[in-house]
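Dear colleague,

Please find below the structure that I am handing over to you. My findings follow directly after it, and I would be grateful if you would read them against the coordinates.

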Amino acid sequence: MPPAPLPDETPAPARVAVRVLCAFAAKTGDLDLRFTPSPSAQDGMQGHTTVTSRRSAGYQREVALSARCGELIVQGRADGFDPATPRLEEIKTHRGEADHIPDNHRALHWAQARVYGWMLCEQLGLDRIEVALVYFNIDTAQETVLPVWHSALELKTFFESLCERYADWARAERQHRTARDAALQALAFPFEAFRPGQREMAAAVYRAHGAARHLLAQAPTGIGKTMATLFAALRAAPAQGTHKLFYLTAKTPGRQLALHALQRMQVKPLRVLELVAREKACEHPDKACHGESCPLARGFYDRLPQAREDAAHTGWLDKPALRNIALKHDVCPYYLGQDLLRWSDVVVGDFNHFFDLSASAWNLTVNEDLRVGLLVDEAHNLIERARLMYSAELRPMAFQAVRKTAPAALKKSMERLHRQWGALARSQTQDHEVLPELPGAFIDALQRHSAELSDHLAHEPRDAHGDLQAWLFEVLHFLRVAEVFADHSMVDLTRAPATRSRVRHPVLNIRNLDPGPLLKPRWEAAHSATLFSATLRPMDYVSQLLGLPEDTARLEVPSPFDPSQLRVLVTPHISTRYNDRLESLERLVAVMATQYTERPGNYLAFFSSFQYLRQSFDRMQEQHPTIPVWAQSRGMSEPERDAFVARFTEESQGIGFAVLGGAFGEGIDLPGRRLIGAFIATLGMPQVNPVNEHLRQRLQTRFGEGYDYAYLFPGIQKVVQAAGRVIRGPSDDGVVVLMDDRFNRAEVRRLLPGWWRF
């Protein structure tokens with residue numbers, strides 16, 4: 001770190017939001033996440049509007065305030081102020097009863113209210129002021145008002161005590177930022193030379209981030225996209241005043257590649273944080289997230305400052321390192337990571353950490369008005385992942401299971417919901433039926449059920465058994481998705497399998513079809529973003545479905561590989577269409593066996609489904625029992641997936657059977673003799689069914705290319721990704737066999753890499 005300022009130097013004051021100051025300095029006691037589900041941001045805004053609209057004339061809303069304390073300037077907006085009393089109001093929306101809001105949450109709310117109270121006293125010269133917490137129940141529209149009179153001196157003393165606790169940290173953070181930016185300005189590329197195409201990509205990323213623009217970059221597998229993007233974005237960060245960089249991936253292997261690249265660069269004092277899902281970080285999955293149950297939640301906020309400081313000094317915070325620090329201080333690793341999200345420079349995590357409806361990184365960016373850069377790896381996956389994030393379903397079997405064993409206190413709300421579900425069933429005339437709008441009466445019943453269920457579980461945590469808790473989470477997610485429902489999505493009923501009940505209740509689905517409108521605010525919040533992949537063609541398709549800004553820059557890096565490295569074959573005598581599969585199996589395995597015999601080695605064979613994979617696998621074993629084969633199975637665990645990949649060695653030979661678009665179609669690296677060829681027995685197109693046909697129709701209306709957007713483009717992207725496993729470096733050579741006559745069609749060929757030679 002740089003030396004402290006000399007006594008005659010006056011450093012510029014550090015600015016901090018009231019929210020950040022209080023979260024840092026005012027939280028004490030247990031971590032308590034009992035069933036008090038937070039309202040959404042939209043609920044919060046509507047609740048604030050409702051409360052303030054009830055106030056008398058002269059009431060002031062969203063009052064901008066600031067106050068200085070030593071080297072700190074504290075800023076924020078008070079929710080409301082009645083000058084006639086005078087009364088400062090801090091408004092908080094909630095579900096359930098206000099009495100069940102955890103003590104540590106309530107302490108934080110009071111801290112914010114008192115800080116705003118002091119700011120008003122100082123600004124208006126008040127000797128005393130009434131400070132009121134107003135809890136607004138968004139389900140009942142009832143207010144719980146907790147007023148307390150304070151003298152200005154009391155509030156000033158409280159304010160200064162918080163600032164004193166924060167000031168040393170703020171000073172250290174400012175020094176850290178200075179040292180970090182100096183290190184990034186001097187950052188050198190960690191290899192002697194760039195790979196072919198890598199410099200071009202790095203330069204484009206640097207220009208885009210330097211100009212606060214977004215970039216869509218397609219570059220072939222093997223040129224070092226991860227290193228190129230990270231190096232360039234980090235170099236551009238100091239001049240742009242970037243607070244933090246989010247590196248977002250679709251799968252675990254991409255996260256590990258990013259961490260490896262960051263380790264290789266050895267940028268000190270850069271703080272690197274790996275975010276993982278809560279279930280993967282939890283040390284006590286059999287316990288609830290509160291101090292009466294989990295030892296790592298008990299006294300969490302009392303021990304958090306020491307753990308935070310230890311982590312800040314450590315700097316490298318991947319999953320194992322973060323876990324070690326957390327357990328050293330007896331705090332929860334997951335929630336320590338959530339706290340460190342604010343204080344880290346580079347955060348490596350999954351797409352959902354920024355793009356999900358309740359994403360922590362997104363909320364931090366917006367709430368703290370941060371200047372962030374995004375690096376989105378394997379960005380072609382974001383289209384389907386975003387659709388899943390913004391979709392939800394309610395399954396009648398799950399509901400009936402909890403209804404049978406539900407506590408008596410929940411019977412009334414469950415019967416109300418049951419009746420509304422039955423009304424939907426009686427109105428349904430087809431096995432799959434698209435509704436013109438959300439079923440209002442059902443949604444109303446579901447909201448009331450959600451409120452009563454949440455409140456009950458807050459009262460009776462022992463009732464929070466697996467099924468009831470899982471059901472609550474399903475309901476909350478469905479309601480969150482319903483809040484953002486618009487013409488980018490559809491709602492439909494799918495008839496469930498027959499049960500003993502008189503009326504077969506349908507599965508209720510909200511399906512996102514075009515994620516662009518919901519992703520658009522995320523891109524707007526980012527200072528700059530680079531989305532990269534080996535398969536982003538056609539770029540108009542990707543850009544439109546991801547809702548990217550119109551001025552997004554585009555880059556296509558030519559392949560550095562010689563066409564002679566890859567032999568591409570098409571089998572015009574084979575059709576893998578559903579109705580032709582059994583009839584063509586004999587020819588399909590014969591082609592695979594012939595290629596393997598001509599050049600023994602390691603191959604991957606890709607199929608459209610597990611059923612087709614198994615048919616081909618069995619036929620291969622029957623017809624060619626001497627060829628070693630192994631197959632992907634449904635629901636493979638991570639160790640099982642690792643074992644599948646481990647069979648591909650420099651000395652081994654055989655054919656691994658896998659499903660296209662699954663775990664082995666992208667994100668695995670098998671250079672040299674570990675993989676010399678791929679058989680692709682599908683165009684990868686989604687199944688034709690009522691849902692996909694409705695998607696096609698909707699995309700035709702929105703973009704004029706329904707079939708291509710719904711079927712052809714996503715299918716061929718998977719094909720190119722799978723084929724990209726074969727050539728990983730300049731010394732590799734291999735073969736790709738495209739086993740379907742449709743690969744000879746012009747509309748398909750134009751989507752395949754230009755450097756391939758047939």
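Accessible areas here come from the Shrake-Rupley method with a 1.4 Å probe, and for residues only the protein chains shown count as cover. On that basis the accessible surface of the protein chain comes to about 32900 Å², and 50% of this surface belongs to carbon and sulfur atoms. This is a predicted model, in which local features need pLDDT of at least 70 and side-chain atom pairs count only at pLDDT 80 or more, while totals for chains, interfaces and linings use all residues. Residues are numbered from 1 along each chain as its sequence is written, and side-chain values use heavy atoms, with hydrogens and water left out.

Overall architecture

The protein chain contains 26 helices and 24 strands; these are DSSP runs (helices H or I, at least four residues; strands E, at least two), numbered from the N terminus. Its radius of gyration is 29 Å, close to the 27 Å that the globule rule gives for 758 residues, so the chain is as compact as a globular protein of that length. That radius is taken over C-alpha atoms, and the globule rule is 2.2 Å times the number of residues to the power 0.38. The C-alpha trace spans about 90 × 75 × 50 Å along its principal axes. Of the 758 residues, 56% count as buried (buried means under 20% relative accessible area, exposed over 50%, partly exposed in between, with a 1.4 Å probe and protein chains only). Among contacts (heavy atoms within 4.5 Å) between residues at least 6 apart in sequence, 78% join residues at least 24 apart.

Helix H24

Helix H24 covers residues 690-703. Its 14 residues should span 20 Å at 1.5 Å a residue, and the end C-alpha atoms are 20 Å apart, which agrees; the expected span is 1.5 Å times one less than the number of residues. The buried residues of H24 are Val-691, Asn-692, His-694, Leu-695, Arg-698 and Leu-699. Seen down the helix axis, they fall within an arc of 155 degrees and so line one face of H24, the arc being that of the directions from the axis to the C-beta atoms. These buried residues pack against several elements, including helix H14 (382-389), strand S15 (489-494) and helix H25 (706-723). The face turned away from the buried side carries the exposed residues Pro-690 and Thr-701. At the N-terminal end, Asn-689 caps H24, with a side-chain oxygen 3.1 Å from the backbone nitrogen of Val-691. Gly-704, which follows H24, has a positive phi near 80 degrees.

Backbone geometry elsewhere

Most residues other than glycine have a negative phi, and most peptide bonds are trans.

- The peptide bond from Thr-85 to Pro-86 is cis, with omega near -10 degrees; Pro-86 is in the loop between strand S3 (72-82) and strand S4 (87-94).
- The peptide bond from Arg-537 to Pro-538 is also cis, with omega near -10 degrees; Pro-538 lies in the loop between strand S17 (528-533) and H20.
- Glu-62, in strand S2 (residues 60-69), has a positive phi near 50 degrees and counts as partly exposed at 43% relative accessibility.
- Ala-141, in the loop between strand S5 (128-137) and strand S6 (143-151), has a positive phi of about 65 degrees and counts as partly exposed at 33% relative accessibility.

With kind regards

How values were computed
A polar contact is a pair of N or O atoms within 3.5 Å; within protein, one must be able to donate a hydrogen and the other to accept it, and residues adjacent in sequence count only if both atoms are side-chain atoms.
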